[in-house]
Amino acid sequence: MSDRKMITAALPYANGPVHIGHLAGVYIPADVYARFQRRLGKDVAFICGSDEHGIPITIRAKKEGVTPQDIVDKYHGIIKQSFEDLGISFDEYSRTTSKRHHDVSQDFFKTLCNKGKFVEEVSEQYFDEQADEFLADRYIVGTCPNCGNENAYGDQCEKCGSTLSPSELINPKSMLSGNVPILKETKNWYLPLNEYEDFLNEWIIEGHKDDWKPNVYGQVKSWLTDGLKPRAMTRDLNWGVPVPLPNAEGKVLYVWFDAPIGYISFTQQWAEKNGKDWKDYWQSENSDLVHFIGKDNIVFHCIIFPAMMKAHGDYIMPTNVPAFEFLNLENDKISTSRNWAVWAHEYVQEFPGQQDVLRYTLLSSAPETKDNNFTWKDFQTKNNSELVGIFGNFINRVAVLIHKYYDGVVPAGNENAEELNEITKAATEVENFLEHYEFRNALTSMMNLARFGNQYLQIEEPWKTIKDNPEKAAGSLFIAAQIAVGLAQICEPFLPFSAEKLQKMFNVSQLNWKDIKNEKVLIKTGHQINPAELLFSKIEDETIEFQIQKLENTKESNKKTNPKANPMKEEIQFDDFTKIDLRTATILTAEKVEKADKLLKFSVDTGVDVRTVVSGVAESFTPEECVGKQVMILLNLAPRKIRGIESQGMLLLTNDADGKLVFVTPEKQVENGIEIG
């Protein structure tokens, strides 16, 4: 293994915040690995950034009526801050809209082009004549041929999960104009992936059958068995990295061409700032390249990007791609469109100072080889029973007892005690597990050291032996202090905020991992420690119930067919409803009410009588527009005076899609006075 580690984490789309699924499946494990490699003394570059191109961003921009740049600026800031708040220790976090990234991506494309690695092909693509642009798959909607969903996208039906192509949709329409698109010829540049099958089979299928995760290896093998096809590396769009060729106006690099190149361009930015040579990390056989991703990105990082780098010729291949499966939330799939998620930026606001609780919980249920589940009750249990009850309890007892009996000075003890081997054992296990990307097992080994410490104190009972055997009590607390400092060192990759508190509490600095394994005594007799500080606090039922209710509210909101609809009013009984007298009626006359900009005075033929009604609709209708209109009236509403005019009833109105008032009217002209209900 190399002493240089090039570690990347999948670029999050800057069209929304990051949630716990992203954290559990990519960013927290990647951070643990990067922190651990630094502790081993490796030369680490931990690189990430916002993916700011692609269709999801342009769709979000159109929905919100802003520019794509507005969207990426907003969410890049939110995402970057969330990572910092949760202790994700990127050496560089950049963005794909930077000039450096555009230059590096275009240079990469031109290199492949000059080497003749692309195939130019003309194909028919859907085109919106009114919008005057080619339609990306996500801008085409129609009926799914598999389940009949009328709102399936051109690349996927989100109802049944089928992968689609636009030509498979029934009655396709453009999302831009609503019109039926036409097929129009366009030229794009394709990378013939089929030409790289032999290389990929040799490199992955033969070369990594023993050391890559089964879910990654299996998916790659399936793709290669089915046979690869050329894939377009350019798109007909206006948002993205422009294709750096003449006569390529209106074309950009395919987002999955430029996004992984971001790893390279961001490394260059970092290297420049830190006096490093970026090529040492990307073009040297003495560097290990590791991609942390979710399972939905396996094909891009194990087939397309390696094929691109092989075509270029100057780059190393990844040593490993430890892709994770998906994390569910309360037994339901996390969905950004349904707002079924726990958002990182909201968590740090609602749980201040408890970043490590989330890190611990997500690592303990990390979806390493299969989908896993997050529940708020489990989060509470992990905190209260494990972090507070085991880890925090042990640390607190050690610090409090040393201060109580020895004024905070570590007492003398046996430096060769057998119990000290538990620290070496834990450090060795954590190292072995993390080198094999087994994060849950590594976390368990760390917590087992805390469990051992608790059990040791319970057996030794120094608070009792201090009276009749002070030497034994001193020895017990000497060993307990070593275990506590061992935890302060070993927990750092997992719980960096707690590790910082612990190292301050025990007045120690951070050690190299080898020293933790080799040194039996981590804190000397006579060493002064600081007063105990609370590491973790109990999370009460009310806090958890609030979060569960928040999700329940989301579930109720998702049932709405109109998200703008107000909640239902207080429930009434059938007898209450029968008292309401709704009738059809016709407006005979209409005039403005003096000194009242919003009021119109109507005379209305109700079929029962002709009566006066005052209504606040003058900003939406002229009097002339209202005369002769058949409407619906609440007939038996008690009269009330409005601006000195007695109003006898209420006309029924609602708002249209633009928020303008409209009368509720019968579909066809009917007699006045017909009862409704």
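Two strands are said to pair if DSSP finds at least two bridges between them, and the elements themselves are DSSP runs numbered from the N terminus, with helices (H or I) of at least four residues and strands (E) of at least two. The model is predicted, so local features need pLDDT of at least 70 and side-chain atom pairs count only at pLDDT 80 or more, while totals for chains, interfaces and linings use all residues. Residues are numbered from 1 along each chain as its sequence is written, and side-chain values use heavy atoms, with hydrogens and water left out.

**Strand pairing**

- Four strands make up an open sheet in the order E3-E2-E1-E13, and their pairing is parallel.
- Strand E3 (92-95) and strand E13 (287-292) stand at the edges of this sheet with a single partner strand each, so one side of each has no neighbour in the sheet.
- From one strand to the next the twist averages 20°, where axes are lines fitted to C-alpha atoms (for helices over the stretch in contact) and angles run from 0 to 180 degrees between N-to-C directions.
- Strand E1 (residues 4-9) runs parallel to E13 and is joined to it by six bridges, with Met-6 standing opposite Leu-289 in E13.
- A three-stranded open sheet has the order E15-E14-E16 and mixed pairing.
- Its edges are strand E15 (332-333) and strand E16 (372-374), each with a single partner strand, so one side of each is left without a neighbour in the sheet.
- Strand E14 (residues 327-329) and E16 run parallel and are joined by three bridges, and Leu-327 stands opposite Asn-372 in E16.
- Strand E6 (residues 140-143) pairs with strand E8 (residues 170-174) in the antiparallel sense over three bridges, and the bridge partner of Thr-143 in E8 is Ile-170.
- E6 is also joined to strand E7 (residues 152-153) by two bridges, again in the antiparallel sense, and the partner of Gly-142 in E7 is Ala-152.

**Aromatic pairs and charges over rings**

- Rings of Phe, Tyr and Trp (its six-membered ring) pair if their centres lie within 6.5 Å, with planes under 30 degrees apart counted as stacked, over 60 as edge-to-face and the rest as tilted; by this rule there are 35 aromatic pairs.
- The ring centres of Tyr-347 and Phe-379 are 6.1 Å apart and their planes stand at 90°, so this pair is edge-to-face.
- Because Tyr-347 lies in helix H10 (residues 344-350) and Phe-379 in helix H12 (residues 376-406), the pair ties together parts that are 32 residues apart in sequence.
- Both Tyr-347 and Phe-379 are buried, a class for residues under 20% relative accessible area, whereas exposed means over 50% and partly exposed lies in between (1.4 Å probe, protein chains only).
- Phe-391 and Phe-536 also form an edge-to-face pair, at 5.9 Å centre to centre and with 85° between the planes.
- Phe-391 lies in helix H12 and Phe-536 in the loop between helix H18 (513-518) and helix H19 (541-558), so this pair ties together parts that are 145 residues apart in sequence.
- Phe-391 counts as buried at 0% relative accessibility, and Phe-536 is buried with a relative accessible area of 7%.
- A cluster linked by ring pairs contains Phe-108, Phe-109, Phe-118, Phe-257, Trp-278, Trp-282 and Tyr-315.
- A charge sits over a ring if NZ of Lys or CZ of Arg is within 6 Å of the ring centre and within 35 degrees of the ring normal; the charged end of Arg-4 sits over the ring of Tyr-281, 5.5 Å from its centre, and Lys-184 lies over the face of Phe-127, at 4.1 Å from the ring centre.

**Backbone with positive phi**

- Asn-507, although not a glycine, has a positive phi of about 60°; Asn-507 is found in the loop between helix H17 (496-505) and H18 and is partly exposed, with a relative accessible area of 40%.
- Arg-643, a residue other than glycine, has a positive phi near 55°; Arg-643 is found in the loop between strand E21 (640-642) and strand E22 (645-647) and is exposed, with a relative accessible area of 54%.
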